[in-house]
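Hello,

Here is the structure I promised to pass on to you. Have a look at it first, and then read on for what turned up in it.

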Amino acid sequence: MGLVLLVVIWLITLVSTYFFVAKTWWLPAGASAAAAGIDHHFTVSFYLMGFVFVAAQLALGYLVWKYREGGSSQKASYSHGNTTLEVVWTVLTTILFVGMNLASSSIWAAERFRAAEANAVHVEVTGMQFAWYFRYPGPDGKFGLTKPELEDASAGGEAALGLDTHDPASKDDVVSGVMVVPVNREIEVILRAQDVIHSFFVPSMRFKQDAVPGLAIHMHFTPIQTGDYEIACAELCGLGHYKMHGILKVVSQEEFDKWLAAREAEKQ
Amino acid sequence: MATHESAAHASHAHGAPQGFIRKWIFSLDHKVIGLQYYFLALTAVFVGMFLSLLMRIHLIWPTATLPFFGEIKPETYLSLLTMHGTIMVFFVLTTAPQGGFGNYFLPIQIGAPDMAFPVLNMLSFWTTFLGFIVLLAAFVVTGGAPLHGWTGYAPLSALQSAGPGEGLGADLWITSIAIFCIGALMGALNFITTTLDMRAKGMTMMRMPLTVWAWFVTAILGLLAFGVLLSAGILLLMDRNLGTSFFVPLVTVNGQLTGHKGGSPLLWQHLFWFFGHPEVYIAILPAMGMCSQLLSVFSRKPIFGYKAMVYAIMAIGFLGFMVWGHHMFMSGMSPYTAFAFSIMTMGIGVPSAIKTFNWLGTLMRGRIRFTSPMLFAIGFVSLFVTGGISGPFLAQPVLDIYLHETYFVIAHFHLIMGVASIFGIFAATYYWFPKMFGRMMNEPLAKLHFWLTFVGAYAIFMPMHYYGMSAGLRRYSQSTEVAFILKLLPIQRFITIAAFITIASQFIFVINLFWSMFKGAKASDNPWEATTLEWITATPPPHDNFGGRTPVVNNGPYEYSVPGAPRDFVMQSDPEIKPKH
């Protein structure tokens, strides 16, 4: 029985570890400035915790086989433990866990403690059951007023956001169902939600943030690769949660300017 | 001390009741109440497992028609996951290890004739039972069960118009949880008082079995956590029905104003997770205690580092209240607090690592007997390590940005809180069954059950890590709408097949349980040659546990293979040993 346990525990450990090491299923390629740092810390954590995982499981398998009744050891030792070993182990794990945390804290600080740069592109992202809307402030750089009582979800676009057309700042606001941003520019997203909590998740950008009703949450990221990236809702928001997705189009600065100008022209 | 103890015993010794209703239904006997809790949890776990099977089938076969539910719509799927989570967390993982085994064995292991407050004990069970019935009722009311998940985030859970199931179903759901909290608070009070006041002569705190330590600290966690959840639940009910706005700001649903304004969705999350994180330890601490116990018994060796184990249980309990914010890194909470919560969370890994180290230390140089309870205890250690390893990923906000709400989280908490804890329950069942029913369970069937469940649990939950690392999101009723999730469908297929086999093999356990109750081989008073007080009394124990005698404790709980002793175990009630080292 001891031998069977050893074989099963070791096999489970090795098969599980294989798929991690082979990266059969892994994170999609990163496409934002922060992705490299986050992925690096991911890898470091995988090596450290992977080592602990394999070592502990192999030790468990070995010990149950080695000290089975009827095996080589005939008598159990009468020992209540070893304080020195206990202290050494405690100190080592403390260093490991707190060290991992401190190593990653600078990335977190860069992502979340610092405000977006002054020249960042502003996009307001609004989640509602079950769609994302993206609003650009236009040439005046100001978002126009929105009023909940003006909201008309079925009309879509500006009406869905309840944009107050009497506000001068709203005249040049552009509302889109697709998020278009220029590459290599910092994007400041202002996250809002109309009804329940949604969460704006772009795996390739290593970006996720809840959109909470009543709050306007400011976050930033910098795409460094052009292309289309999927946006998915990552907070349970109701029966259509699974289909609340969108597209993030990262394009060159010229294309972005052209796109925005075209949308402005459409509006006039 | 002696007079105090005997006076306490006299006042608690109530006569054995006659008649079926007083003996088995409205019983004051902690042993019967323990069994009631156990069978409630057993019923609940089969309901919860059945719901998960329906979800698994729907995930890979979305158009299939299923028993009881017909065609599964997206909202039906969300109701299934809400009810699965709620049933499993409250009525299985909180009910069986603490209410079930804690009730039955805590008084016996400390040498007491009953719990401190037998009537309160009966009330706490029947309150819990009522909570379960109210929860199940949510399935049959108009609109069905709620779809807001077991965490019930507001405003989704607070607005009737937010989706199907958010009407009466959601009211029943939150009422059920509030009722459960009341039952759990009564239970916690009873456990704490009993442990502090009812110990037999000589049963000092540092001679208590680790099971007792675990139940005791779990009760303290329950007392502090369930009160907060109860309050939050009442506020949510008021938001839903009385027009208050604790958790709801000015929101519109489908462009319609809801009449709420000024509330905070994050307040619900803070209150919920202030309960929710200690709840993880409420589920796992008793399993840790049971497995510590069994590893020592079946290695025929004292537990490695008894004091370290006690301090680790306390540290986990203490730190458990300071880490709730790690569920909220992406919620819009201040990023500075995320930093603090992260450090505390990584810190709680340390006592968990100490425990793992001590379990391995206990096996080392032992003489291991591979009984079925021991197999489940060893399986527990393996699963605890695997489930624990993914914790430090999620505890770091910078990695949680990506992993939050993916199946990586599902893998993590199912392994550590669900499966590991269930392995503790299985281990305890196989271990204590002879004491509870006077018969042995069938050993070959038990071993078959172990192998299928152990390999099955890994086959189900290990692939969920890969799914989550590929950005596979949880609570998606279908994977067809998002390309990066659709391509992960093969993993879901594998998991569903594994779940089918693992769930089917649980019937081996149930058949064994009921068959052995009536047909199992007669058990002796101490079949495992263990040292704690439940093994000195008759099998099954008499109404007052020790048949009018009051045990006196002279030894620690884990005196195995003592040099110079006549047998390889020394009972806690044996004359005090002076081991020659």
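This is a predicted model: local features need pLDDT of at least 70, side-chain atom pairs count only at pLDDT 80 or more; totals for chains, interfaces and linings use all residues.

Let's start with chain A. This chain has five helices and ten strands. Its radius of gyration is 26 Å, well over the 18 Å that the globule rule gives for 268 residues, so chain A is more spread out than a compact globule. You can see this in the C-alpha trace too, which spans about 90 × 35 × 35 Å along its principal axes. Of the 268 residues in chain A, 42% are buried. If you take the contacts in chain A with a separation of 6 or more, 72% of them join residues 24 or more positions apart.

How many of its five residues are buried? The count is five of five, and the strand is described as mostly covered. Both of its faces are covered: A:Phe207, A:Gln209 and A:Ala211 are buried on one side, and A:Lys208 and A:Asp210 are buried on the other. The partner to look at is strand β6 of chain A, residues 198-202, which pairs with β7(A) in the antiparallel sense over five bridges. Within this pairing, A:Phe201 stands opposite A:Lys208.

Now for chain B. Helix α7(B) has 30 residues and reaches 44 Å from its first C-alpha to its last, close to the 44 Å expected at 1.5 Å a residue. This helix is mostly covered, with 21 of its 30 residues buried.

Chain B also supplies the residues that stand out in the largest nonpolar core. That core holds 261 residues, and those touching the most other members are B:Ile284, B:Cys291, B:Leu294, B:Phe380, B:Ala420, B:Phe423 and B:Ala427. In soluble globular proteins, nonpolar side chains tend to be buried together. Which residues does B:Phe423 touch, not counting those up to four places away in sequence? They are B:Ala287, B:Phe376, B:Gly379, B:Phe380 and B:Leu383.

Finally, the backbone. Most residues other than glycine have a negative phi, and most peptide bonds are trans. With that in mind, here are some exceptions to find on screen:

- A cis peptide bond joins A:Gln129 and A:Phe130, with omega about -5°. A:Phe130 lies in the loop between β1 (121-128) and β2 (131-136) of chain A.
- Another cis bond runs from B:Ala154 to B:Pro155, with omega near 5°. You will find B:Pro155 in the loop between α6 (118-137) and α7 (168-197) of chain B.
- B:Asn254 has a positive phi, near 55°. This residue sits in the loop between β3 (252-253) and β4 (256-257) of chain B, and counts as partly exposed because it has 14 C-beta neighbours inside 10 Å.
- B:Arg475 has a positive phi as well, near 60°. Its place is in the loop between α16 (443-469) and α17 (483-486) of chain B. With 19 other C-beta atoms within 10 Å, B:Arg475 is partly exposed.

Notes:
Residues are numbered from 1 along each chain as its sequence is written. Chains are lettered from A and ligands numbered from 1 in the order in which they are written. Helices (H or I, at least four residues) and strands (E, at least two) are DSSP runs, numbered from the N terminus. A residue is buried if 20 or more other C-beta atoms lie within 10 Å of its own, exposed if 12 or fewer, and partly exposed in between; C-beta atoms are placed from the backbone. A nonpolar core is a set of buried Ala, Val, Leu, Ile, Met, Phe, Trp, Tyr and Cys residues joined through C-beta atoms within 7 Å. Two residues are in contact if their C-beta atoms, placed from the backbone, lie within 7 Å. The radius of gyration is taken over C-alpha atoms; the globule rule is 2.2 Å times the number of residues to the power 0.38. Two strands pair if DSSP finds at least two bridges between them. The expected span of a helix is 1.5 Å times one less than its number of residues.
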